[in-house]
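Work through the exercises below with the model open beside you. Try each task before reading its solution.

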Amino acid sequence: MKRRLRSLSGIKPTGTPHLGNYFGMVQPAIALQETHEAFYFVADYHALTTGRDPALLRRTSLEIAATFLALGLDPQRSVFFRQSDVPEVVELAWHLSCVTGTGLLMRAHAYKAALDKGEAGVLPAGTFFYPVLMAADILLYDSDVVPVGRDQVQHIEMAQDMAGHLNALYGDCLRRPEALVEAAVATIVGLDGQKMSKSYKNTIEVFLPEKALRKLVMSIKTDGAGLDDPKTPETDNVFSLYKLVATPAEVDDMAERYRAGGFGYGHAKQRLADALNAHLAAPRERYHALLADPAALDDVLREGAVRARAVARDTLDRVRDRVGLPKLPR
Ligand code: ADP
Ligand code: TRP
């Protein structure tokens, strides 16, 4: 029987999730559980390249897990786990690194940024190696599609290259995946109109209490147009976020009011805050309830890891066999 296409993605537990993560990655990934066999994980190994606080890592890992579950990930239908519960991924990363030129890794955006700042020499080797571990994540589970925001596409192309190298050298044993970037949510804007990112400190966290959410929405940057002036929806940050949560009729209505004038950014922000709050109120409650029981969250992740690990070990056995190593000890 033909298996369903497999969707895989991960998110680093390096901060509290924001609307960029939610609309750009979490929501599209969760939607794919309807049509795909979904494998999603908390990328805690990856977080170690920058994090140095064990207690914080434990807490943010649980926050990411609670976020996915609160927003609709179904751990019965999907395989939901913690990356480090399947340490086989580190071995696959080793095999990939043995067939990957350092030149490929030197083209990574993060490496080039460090080079530009004159910091390549002090960049942790783990950060240089980051794309190899990420390729191993993707290839270990025979993924077909990888739903992510646009900033991750380069990493997926690298995973394709690495799979290609290993397959060319040893014969086909790894499936080559495709990135899945939804154009409408490829880059969610932040408070200042740049890409929303924790590095830019312009984020709106997904599960802020209502009051704090409203306050942040009021601080979104807009152009200087006055209340009576006509406004351009296409270039406005408030409108851009409103489109993500409003119905098509509500979006059309707001666009008309912008163009007509007499509708100020204050009004638009009120509407956005109402719509966001309506969208997030129920998940916010679920999120806090889930976080209140860390042991139960841990159980969900452990059960997911058992299912993930079975697939991982099969793939790794295939690779081990090709390169001339014995099968994994059982
Ligand atoms: P950050 O930029 O805040 O550090 P991450 O790099 O941890 O966020 O991103 C986690 C996931 O969320 C990735 O799949 C990424 O593509 C997606 N993502 C992050 N920010 C955005 C955004 N502003 N728009 C769309 N997707 C995003
Ligand atoms: N690099 C991704 C990020 O920063 C996280 C990640 C790790 C990932 N492994 C992955 C995403 C595999 C997709 C597939 O968000």
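Buried means under 20% relative accessible area, exposed means over 50%, and partly exposed lies in between (1.4 Å probe, protein chains only). The model is predicted: local features need pLDDT of at least 70, side-chain atom pairs count only at pLDDT 80 or more, and totals for chains, interfaces and linings use all residues. Residues are numbered from 1 along each chain as its sequence is written, chains are lettered from A and ligands numbered from 1 in the order in which they are written, and side-chain values use heavy atoms, with hydrogens and water left out.

**Exercise 1.** Classify Asp-142 and Lys-201 as buried or exposed.

Solution. Start with the backbone. Asp-142 has a positive phi of about 50°, yet is not a glycine. Lys-201 also has a positive phi of about 50° and is not a glycine. Asp-142 sits in the loop between H7 and strand E4 (145–147). Lys-201 sits in the loop between strand E5 (178–180) and helix H9 (210–218). Helices (H or I, at least four residues) and strands (E, at least two) are DSSP runs, numbered from the N terminus. Now apply the cut-offs. Asp-142 has 13% relative accessibility, so it counts as buried. Lys-201 has 73%, so it counts as exposed.

**Exercise 2.** Find which residues Thr-315 touches, not counting residues up to four places away in sequence.

Solution. Locate Thr-315 in helix H13 (residues 294–323). Its relative accessible area is 1%, so Thr-315 is buried. Then list contacts (heavy atoms within 4.5 Å). Thr-315 touches Leu-139, Leu-140, Asp-142 and Leu-174.

**Exercise 3.** Describe how H7 packs with H8.

Solution. Two packed helices are described by the angle between their axes and the distance between the axes. Axes are lines fitted to C-alpha atoms, for helices over the stretch in contact, and angles run from 0 to 180 degrees between N-to-C directions. H7 (residues 125–140) and H8 (residues 153–170) pack at about 75°, with axes 9 Å apart. H7 and H8 are therefore roughly perpendicular (65 to 115 degrees; under 35 is roughly parallel, over 145 roughly antiparallel, the rest oblique). Residues making the contact include Tyr-130 and Leu-139 of H7, and His-155 and Met-162 of H8.

**Exercise 4.** State how many residues of strand E1 are buried, and which strand E1 joins.

Solution. Count first. In E1 (residues 6–11), 5 of the 6 residues are buried, so the strand is largely enclosed by the rest of the structure. Then pair the strands (at least two DSSP bridges between them). 6 bridges join E1 to E2 (residues 37–42), and the two run parallel. Arg-6 stands opposite Glu-37 in E2.
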